[in-house]
Amino acid sequence: VRISASTGNQVMKYLNEDIDTIQRPRIRSNQSNAQTVSGPVKIKATNWMKLGSKNGSNSITFNSGADANLSAVNSIKFLPGSKAVKGAKLKAKVGASVSKKSDFNTVQPAAVSYPITSPYIGKVVSYNDSVEQPNGIVEEHQVERNVCIFPNPSGGIVNVELSNENQSTGLLVVSDIYGKVIVSRKVNASKTQLDLSGFPNGIYFVSLNQPGANYKEKIILNK
């Protein structure tokens with residue numbers, strides 16, 4: 001993934017934020033989770049750290065070859081779900097000041113030579129739940145609440161309805177998770193029906209591209 005230097009600086013800013021309390025693995029309601037560590041890892045908390053869980057349903061295992069460096073200001077607790085296999089190295093330090101600065105800053109990646117210059121150099125990409133838009137590069141906007149795609153999940157037939165009749169024309173594209181286009185159709189009506197029954201179950205993306213606007217939604221095919 002190629003990002004500009006300014007976008008990289010924004011990423012590092014968030015990586016350097018305080019990590020106050022750490023639970024490994026993360027405890028999720030009504031779910032169990034197992035985490036393994038097999039190589040070098042550094043975990044640090046500005047307050048406390050807990051490994052495993054009280055009932056052992058969430059576990060963390062340090063395999064042979066693991067080299068874990070753990071540090072926290074107030075406490076590090078190894079709960080019943082935590083285990084170290086023979087050959088694992090664990091170093092735990094409590095009470096010392098934990099730096100707020102991420103150790104990612106000390107990593108120097110190998111130089112990479114790209115055949116072309118990225119058009120996104122100097123641009124910061126902003127994200128929300130539905131669209132990625134490099135600032136100052138594209139002027140298209142997301143169609144808001146004008147497109148309805150149903151049912152989702154679908155048994156094979158997918159309906160696409162446009163609530164704004166003034167925007168009833170465009171190019172309708174269906175692609176798989178690898179970006180391969182499986183359906184491409186021009187639409188000039190407010191209602192369109194797609195038959196995807198000939199394709200295997202899975203996740204697909206339906207895109208509607210219109211002049212100055214676009215819409216994209218994930219659908220699940222489950223026949």
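**Strands, sheets and cores in a predicted model**

Trainee: Is Phe62 buried or exposed, and what is its relative accessible area?
Mentor: This is a predicted model, in which local features need pLDDT of at least 70 and side-chain atom pairs count only at pLDDT 80 or more, while totals for chains, interfaces and linings use all residues. Residues are numbered from 1 along each chain as its sequence is written, and side-chain values use heavy atoms, with hydrogens and water left out. Buried means under 20% relative accessible area, exposed over 50%, and partly exposed in between, with a 1.4 Å probe and protein chains only. Phe62 is buried, because its relative accessible area is 1%.

Trainee: In which strand is Phe62 found?
Mentor: Strands here are DSSP runs of E with at least two residues, and helices are runs of H or I with at least four, both numbered from the N terminus. The protein has 1 helix and 19 strands. Phe62 belongs to the strand of residues 59–62, namely S5.

Trainee: Which residues does Phe62 contact, leaving aside its neighbours within four places in sequence?
Mentor: Contact means heavy atoms within 4.5 Å. The C-alpha atoms of Phe62 and Lys89, 27 residues apart along the chain, are separated by 8.2 Å. With neighbours within four places in sequence left aside, the contacts of Phe62 are Val37, Leu51, Ala68, Lys83, Ala84, Val85, Ala88 and Leu90.

Trainee: Which residues of the largest nonpolar core touch the most other members?
Mentor: A nonpolar core is a set of buried Ala, Val, Leu, Ile, Met, Phe, Trp, Tyr and Cys residues joined through side-chain atoms within 4.5 Å. In soluble globular proteins, nonpolar side chains tend to be buried together. The largest core here has 17 residues, and those touching the most other members are Ile149, Leu194 and Leu196.

Trainee: Which elements give two or more residues to this core, and how many residues does another core, apart from it, hold?
Mentor: Two or more residues each come from S13 (147–150), S14 (157–162), S15, S16 (181–187), S18 (202–210) and S19 (213–221). The other core lies apart from it and includes Leu51, Phe62, Ala66 and Leu70; its residues number 13.

Trainee: Is Ser175 buried or exposed, and what is its relative accessibility?
Mentor: Ser175 lies in S15, residues 170–176. Beyond four places in sequence, Ser175 touches Lys180, Val181, Ile182, Tyr204 and Phe205. Ser175 counts as buried, because its relative accessibility is 11%.

Trainee: Why is one side of S3 and of S9 left without a neighbour in their sheet, and which positions do these strands take?
Mentor: The open sheet has 3 strands in the order S3-S6-S9, with parallel pairing. S3 (40–45) and S9 (89–94) each have a single partner strand, so one side of each has no neighbour in the sheet, and their positions are the edges.

Trainee: Which residue of S6 stands opposite Ala45?
Mentor: S3 is joined to S6 (residues 67–72) by 6 bridges, and the two run parallel. The residue of S6 opposite Ala45 is Ala72.

Trainee: What is omega for the cis peptide bond between Asn152 and Pro153?
Mentor: Most residues other than glycine have a negative phi, and most peptide bonds are trans. Pro153 is placed in the loop between S13 and S14. The cis bond joining Asn152 and Pro153 has an omega of about 10 degrees.

Key:
Pairing = 2+ DSSP bridges.
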